[in-house]
Each structure stands twice: as structure tokens, then as C-alpha cells.
Amino acid sequence: MSAWEYLTQITRWPHRGSTSAYEREAAQWIGSTLGRLGYRVEIQPFLAPAATLYAGPPLVSLVIASVTLGALWAGSPWARTLAAAVSLAAAALLVQEASLSRPAFDLILPRRPSQNVIAEPLPARRDMAQQPEQGTPTVVVTAHYDTQRASWLFAPWFRPVLPLFFKAAYGALGLTLASLLAGALAGWWAPAWEPWRWGAWVGLTLVAVLMGFLALAGLFGRPVNGANDNGSGTAVALALAERWAAHPPEGVRLRFLFTGAEEAGTRGMWAYLRTPGAQEPSYIVNIDNVGGGRLRALLNEGMLLPIPCGRRMRRTAERLAAGGQLSLWSRMLLLSTDAGPAAMHRHEVLTFIGLDEGGNIPNYHWFSDMIQHVHRQHLEDVCGTVGAFVEMLACDLRSPALSRVGG
């Protein structure tokens, strides 16, 4: 089937929300489809929060706000110091999550079952002379199949100020923490120094407004169908799996990974990274939101600091860009893709994504993300470009001198 035909199948469900029953049904369908194509399929179960964006930051902020209020009323330097220590510990969870160093919100949020679908070509369907040997580089083609909730945060009227919202929210938390630390130090060395209280009150007010908005947005949000995000990437990956079922690219070990709970802080990728098959550095080709806009290759992942995609992946992308098949995008996105945690774990990565000239994803996390707003020919063109990238990468990796990741 074509990528478009796979897209019509994956969008049959009303949504595929993270950890939902629809997500499980979609995973079973993906697994069955890959099995019929002749792949060895593994369903990898794991636990994940149903949401992190709408739950993690507000919960951390609530802890910081509560202990800051206690410190404002406490006269004891011990109480202020304890409040500062608790706030720093809570903020550390937020920093760890945003820096992609670990899925820290799992410590404070309830978790529910989700699953990945992992597939490799069966040996019986391959030319035995082309069997991957030990040390053969692994190329992982990945796409998440779960969907996010639409909320005020991603409404068309709010999207232009979304970057400012996140910067203001983190700035308000930073101001609150800095004021609390100043108050703790003042309690020991300058008890009469009171200006820290003004900073704390200003920070608390901003935190209450911004994080309250975020929490309410999540509370009243509703799941979207997710044709572009990320039915499109799932459909392209399935079409490529069908294309390579009998004759995978030579010189590499090909693996397909369909992640669940990507919209819950990339929990599916985190789960995959804990498997034995992900311990050796590999090349991860991530397909996300490719149903519209102009096809881009992300040169940097990350939310706080840029994480380079890797020298080999970048060079291959530059060759395709020189031919006019895609363009390169060096700016970071606000939210992490599945490639972010993988890049932090020594894998070379490259995300293919559709963005407009302003860097926006069409119909991103909104009710309009339906199949009628996905461009059919564009989707097929993306399938051809991503396939050409993987085959070009495999060709480069056949040389023993170039087989090492990052070489």
C-alpha cells in the first residue's frame, strides 16, 4: 500500500491518545501489519504518564509555590533554608525533564500502560549472503503513533505567543527560586534585608497565572485525530517497511520502531533506549509531522540547549538538500521529538518534519489535524525522500572505514 493508504487506516480511530485504549488498538494493528509484511515483531510494554506537559510543570510549580509561601511567613532561617532545598529539588525534576537527561516526571506522576512496536526483517525473507554480521551498523526508522490533546495552549489565537508563554513561565519559576534562595541566605547573614520578599511575590503571582493557565488547558483539552501528528510519520514508516520487506538496504541492520506515549514526554523512546538492542550507538531516522509544510531535516534537537544530530546524518542530509529534496533547519523546537533522548544516548539522529517558513507545524495539536488537511502527493514525496536518505546512508555505511557512528 502507499503511504496515503496507510494514513487512511491509522486515522480510523477517533484518536490515539497516549496510554489510551485506542493507542493499544493502533499498536496491535501496526504489529499485525508488519507481521503480514514478513517482519519479526515485538510489542514492548512499558508504563508512562498519560500526560507530562499539562501535569508535570504545574505540579512542580505547586510544590515551589507552597514552600515559598511558607518561607514568606516563616521567620526562622532554618525554615527558609528547608524551603529553598525543597524548591531546588522540585526544580531539578523540571530541568532534568526539559534537558532530556532522564524522564524525571515519572517520579511524581501516575503511570499507565503503553507500548512500542519494534520490527526487523525476518532472515527467511532475505538473501542469506546479505545477512547482517556482528558489528553491522543499525539504522532505526522510527515514528510515534500516539496523539496529543488540543487545548487553549495550541489554539490558533494563542500559538503566536506560545514561545513567549514558555519563556515567561520558566522566567517566573527562576525569579521565585532566586528570591527564595536570597531569602534563605538573608535569614542567616542579614535578617533585616527584606527586598527578597518582593521578588518572591512577583514570581509567585506570575507562576500562579501561567501555570494555572497550563493546568486548566490540560484539564479542558480534548484528544485530536492526529492525521499529521503523527499519522503521517507512521504511514510513511509503514510504506517504507513494505518497500524493504524482502530487500532491505544492504550493509546495515534495519529496524523499525513505532513509539507510544511520545506525546507524554517521549516515554516510548525512553523505554526503547533501555532495551539491549539500543545499547550500541546507531543511526535513528525519525519521521514526525510530515503531512504538510515544507520537508525539513532538523540539525539540532533539544528544548533547553541544542543537541547536534550527528556528523554522518548531517552530511547525508546536506547531500539531499543540495539536490533540492529537503531543506535544513538549525533552530531548536520548543518541544522534544523522539530523536532528542536518542541523541543524548550517543545515537546519531535526524528528524524529518514538515514546517512552514515561520517554523510552525500545520494544524499542530489542534482539532483541524485531520486527514483532509494532509497533502496526499506531499506525503508520497516525503516517503520517497526519506527512503532515499536511508538508502544513501546505508550505502555510505558499507565502507568499513565509515561504519563507526560519528566517523
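Trainee: In this predicted model, how many bridges join strand 3 to strand 7?

Mentor: The model is a predicted one. Strand 3 and strand 7 run parallel, and Thr142 stands opposite Asn286 in strand 7. The number of bridges that join the two strands is four.

Trainee: Which residue of strand 6 stands opposite Ala143?

Mentor: Strand 3 is also joined to strand 6, in a parallel arrangement with seven bridges. Within strand 6, the residue opposite Ala143 is Phe258.

Trainee: Are the residues on the two faces of strand 3 buried or exposed?

Mentor: Buried here denotes under 20% relative accessible area. One side carries Thr138, Val140, Thr142 and His144, and the other carries Val139, Val141 and Ala143.

Trainee: Which strands stand at the edges of the open sheet?

Mentor: The sheet has eight strands in the order 1-2-6-3-7-12-8-11, with mixed pairing. Two of the strands have a single partner strand each, so one side of each is left without a neighbour in the sheet. These edge strands are strand 1 (39-48) and strand 11 (327-329).

Trainee: What is the bridge partner of Ala297 in strand 12?

Mentor: Strand 8 (residues 294-298) and strand 12 (residues 348-355) pair in the antiparallel sense, over five bridges. In strand 12, the partner of Ala297 is Phe352.

Trainee: What angle does the direction of helix 7 make with that of strand 3?

Mentor: Helix 7 (residues 227-243) packs on the sheet and touches strand 1, strand 3 (138-144), strand 6 and strand 7 (283-287). Its direction relative to that of strand 3 is given by an angle of about 145 degrees.

Trainee: To which strand does helix 2 run at about 10 degrees?

Mentor: Helix 2 (residues 21-36) lies across strand 1, strand 2 (112-121) and strand 6 (253-259). The strand to which helix 2 runs at about 10 degrees is strand 2.

Trainee: Why are helix 7 and helix 11 described as oblique to each other?

Mentor: Two packed helices are described by the angle between their axes and the distance between the axes. For helix 7 and helix 11 (residues 376-397), the axes are 10 Å apart and the angle is about 55 degrees. Roughly parallel would require an angle under 35 degrees, and roughly perpendicular one of 65 to 115. The two helices are therefore classed as oblique.

Trainee: How many nonpolar residues does the contact of helix 7 with helix 11 have?

Mentor: Helix 7 contributes Ser232, Val236, Ala239, Leu240 and Arg243, which meet residues of helix 11 including Leu379, Val382 and Glu391. By class, the contact has three polar and two charged residues, and the number of nonpolar residues is seven.

Note on methods. Residues are numbered from 1 along each chain as its sequence is written. This is a predicted model: local features need pLDDT of at least 70, side-chain atom pairs count only at pLDDT 80 or more; totals for chains, interfaces and linings use all residues. Side-chain values use heavy atoms; hydrogens and water are left out. Two strands pair if DSSP finds at least two bridges between them. Contact means heavy atoms within 4.5 Å. Axes are lines fitted to C-alpha atoms, for helices over the stretch in contact, and angles run from 0 to 180 degrees between N-to-C directions. Angles under 35 degrees count as roughly parallel, over 145 as roughly antiparallel, 65 to 115 as roughly perpendicular and the rest as oblique. Ala, Val, Leu, Ile, Met, Phe, Trp, Tyr, Cys and Pro count as nonpolar, Asp, Glu, Lys and Arg as charged, and the others, Gly among them, as polar. Buried means under 20% relative accessible area, exposed over 50%, partly exposed in between (1.4 Å probe, protein chains only).
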